[in-house]
Amino acid sequence: MTNREIILSRIREGLKVAAPHPYPSAATARQSESSASPRQWLPPVGETLEEQIELFRRNADDLKAAFRVCADTNDARQFLQALAAANGWKKIGLHRGGLVEAVAPRLGLAVVNTEGGYALDDLEGCDAALTECEVLVAQTGSVLVSSGSAGGRALSVLPPHHVVLARRNQMVPDLAAALRWAQEKFKGNFPSFLSFITGPSRTGDIERILVLGAHGPKKLTLLLLP
Amino acid sequence: MNVHAREFNESARRCAADLTHRGLIQKALAGYYTKRDENQGRFQSWSGARDAAAEIKWEAINHLDRYLEEFVSRLEARGTRVFWAPDAKAARDYIVSVARRHKIRSIVKSKSMTAEEIDLNGALEKEGFEVVESDLGEYIMQLRREPPYHLVFPAMHLTRQQISDLFYEHLGSEPTDNPEDLTAIARRVMRRKYCEADMGISGANFAIAETGMISITENEGNARLTTSLPKVHVAIVGIEKVLPRLSDLALFLPMLATAGAGQALTCYNTLYGGPRQPGEPDGPEEFHVVLLDNRRTELLADAEQRDALHCIRCGACLNVCPIFKNIGGHSYGTTYQGPIGSVITPHLRGLQDWKHLPQASSLCGACTETCPVKINLHHHLLHNRRNAARAATSPLEKILWAGFALMMRRPGLYHWAARLARALQPLHGLVQGTLLDPLRAWAKTRSFPRVAQKSFRELWRERKTP
Amino acid sequence: MGPMFPGKVKISLFIPCFVDQLYPQVGMSIVKVLERLGHTVEYPEGQTCCGQPPFNAGYWGEARAVAERQIAAFRDAETVVIASGSCGAMVKVFYPELFHNHPREKEARALAAKTFEFSDFLVNKLGVLDVGARFPGRATFHDGCHGLRELGLKKPPRQLLGQVRDLTLLEMGEAETCCGFGGTFAVKFPMISTAMGEVKCASIADTGADYVISNDSSCLMQIQGLLDRQAKSIKTLHLAEVLART
């Protein structure tokens, strides 16, 4: 017998005796209800895009992520120029993307483009990373990135400052919506990596005191474009 | 008493009397309670969420074979190598063989209690591989050569001073009592490790059957780095981690964060569905998922306690357990601490050797009340006690309870015994504190009440005859 | 929804073994309150113990032997009121499990259905909050775990105490934290039990209360035992003793 067969046969043998179901009388009805949507239990999200953006902003504040609504790509670029100057950026990491290309070239910084591969030391030397994303999640203040939309796995986590460029129409109400969106977009052919980023990296491992910037980025800046 | 029970008693006694430890843990958890309540309050119905989560886990565990097969077939379709490990040794041997085949020099690891369970680090180190824990709390405990104190907060029992001393001793770093500076020290050390490591080992919080992905929940970003940079990624995953659908995460990720850490959502929740795919700029060349049984199927076969496999390892039960808070995580002497540890350890490691864990509880039920997936934890402690007594009764206890039952079935005998106790109580002073003292265990720290001059029954009878 | 028992009730008292021997005044206080409210109280003399000690130790056969006796003693009772949350939980929650698939299961369930813990009975079955009590003093309430979590009785004791004249009720931070008694746990793991009790006593002392009240005498035994050794003047009282005072 292979290991697989050993384990599966143990499971099948063990399951021969039924365990009590939490809701014997309403089993099937509740199952379809709860699998339809956990939305009814989770914190509520506003119906309109404006309400969702506002909720996202409040969450970003709580998470100590910087959130800014930009008038257009020029506005975003000017903001980033100021940010780069204030933080002394010399080199940034980025990937190929419409928004990135509209903003990055005129920043006047050295660039590591992860598209097609990169040298780790180069990326490690970047002061910031500029990426796009899949969606923004209003309910939690999260950004969903993937290897495709954010230049791979490491770009959005290795450099100490992560900047995300997103459009208004990328805002979705909650995690359920984000996951459904991903399922519809990728149709089973998912990127090997998808991640919900919710604020800058943090730890509470020292006396349960909150410290920002553990191993991932210490700073997270989210720029929302029309 | 076996060695585990003896060690448990010694450690528990020491820790329970340690007022510094008691104060530290109370302080550490105070913030958790406040934030947990705040975030639970934001749910439209935390209780409804628990019901839904319990049902989803029931579905997953009671159809585990089906969901595991679905999970594995989707993983394998995208190039992941899956190893089914019937026991700890098989899992260890496989992972060592992967490391050997790739001539791995340095391994970086993110937090995994499953890896702790099988002592994976020990096995790798014995084979000459360097393994570095990347999670700050785990790294601290690795330097101290101690197991994690808590499922989720490995170093919660340490002060910043102790951590500073530890870093000074092992890294030669500047002593500091600033948590930010201490974190920065670990961050610098770890960055080198991530960049140099050629193998990353992780656990997984959930295994999604529908899409063939593992999901990892963290705050620090160390798991993301562990799984992005090295050329080989090995994930060790208990078979019970399965969730049926991707959409289930919309419920479980917030619940895990809130129950586990008092957060609305943790910083990074990442889904891994395969090694680097064509067109992706980075990611491991090889991705291995090791599915671990290691006696979980025995717990599965116990239909009464099967729901203990619903556990999402959030640690909430530890955080509310008065026993855990007073004896500390290390007293348990085993991988999984607290109420869930006391429920599953007898199944995973042997009932007779570990029955003292379910016995060391006042059955207050705070664990069951807080569990996000509604495991009947404190009742399972009772079930374990009953199973232990059935399997191997201690002759002394058997006599004690048989005698108790005999007496209590005969009201006359019971009342006679009570009158005897009442008569003898004034003489208690003669044996007090000695081995003959029946109240010794109680009376060492607490006064014992007087047996009443007249029992209720006697007072009641008096009442009727004016 | 109105009270379950709108009229006068014939109540059979279930007096736990330790109340019988160590705190009989608690039982007499319950009698006093129920009679003051105009109900008839009787006490089946065949009762001894609910069987919780062997049950908790895992000796379910012996526990059943004891429980069968209790079930028999209360066979003819219409309504049973019990003086303790932990024994109440034993009967209401654990008897059905203990007698699952056993010939006496139906009787066990019948007893479980007609048994009520004292504060539960007053508030939820009789619909009474004010029992005409007066007790001047500052007190805090300790939630016995079985009453709190197995029987869901957070509110009833507080609702009753809220109507006691001249009583100031203060909430302690660790009201819901286990006092550390846990039956044989208190003597099998005395060091852990003591540590838990110390946490509870510290929280009581923090309120500045002179009394700590609970609906479980076993908890009060643990708490009083520690307070005595700490030479604290705080006194423990059962809920029934407070409600009996006028």
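Two residues are in contact here if their C-beta atoms, placed from the backbone, lie within 7 Å. Keep that cut-off in mind. The model is a predicted one.

Let's start with the chains. There are 2 pairs of chains in contact, and chains A and B share the most contacts. Chains A and C do not touch: no contact joins them. Their closest C-alpha atoms lie 13 Å apart.

Now the contact between B and C. How many residues does each chain bring? Chain B gives 48 residues and chain C gives 49 residues. On chain B, several helices each supply at least two residues to that side. They are helix 1 (3-16), helix 15 (322-327), helix 20 (377-391), helix 21 (395-408), helix 22 (411-424), helix 24 (440-443) and helix 25 (456-464). Which of them gives the largest share? Helix 21 of chain B does, with 6 residues. By class, the side of chain B that touches chain C has 29 nonpolar residues, 8 polar and 11 charged.

On to chain C itself. Its secondary structure comes to 13 helices and 8 strands. The radius of gyration of chain C is 18 Å, close to the 18 Å from the globule rule for 246 residues, so chain C is as compact as a globular protein of that length. Along the principal axes, the C-alpha trace of chain C spans about 50 × 45 × 30 Å. Of the 246 residues of chain C, 59% count as buried. Next, sequence separation. Take the contacts in chain C between residues at least 6 apart in sequence: 78% of them join residues at least 24 apart.

Chain C is divided in two. Domain 1 covers 10-124, and domain 2 covers 129-244. The C-alpha centres of these two domains of chain C lie 21 Å apart. What passes between them? In chain C, 31 residues of domain 1 are in contact with 26 residues of domain 2.

Look at the domain 1 side of chain C. The elements giving two or more residues to the side that touches domain 2 are helix 1 (17-22), helix 2 (24-36), helix 3 (52-57), helix 5 (85-98) and helix 7 (118-125) of chain C. Helix 2 of chain C has the largest share, 7 residues. By class, that side of domain 1 of chain C divides into 16 nonpolar, 10 polar and 5 charged residues.

Technical notes
Residues numbered from 1 in each chain as written. Chains lettered and ligands numbered in written order. Predicted model: local features only at pLDDT ≥ 70, side-chain atom pairs only at ≥ 80, totals over all residues. Helix = DSSP H or I, 4+ residues; strand = E, 2+ residues; numbered from the N terminus. Nonpolar A, V, L, I, M, F, W, Y, C, P; charged D, E, K, R; others polar. Rg over C-alpha atoms; globule rule 2.2 N^0.38 Å. Buried ≥ 20, exposed ≤ 12 C-beta atoms within 10 Å, placed from the backbone. Domains from an automatic or database assignment.
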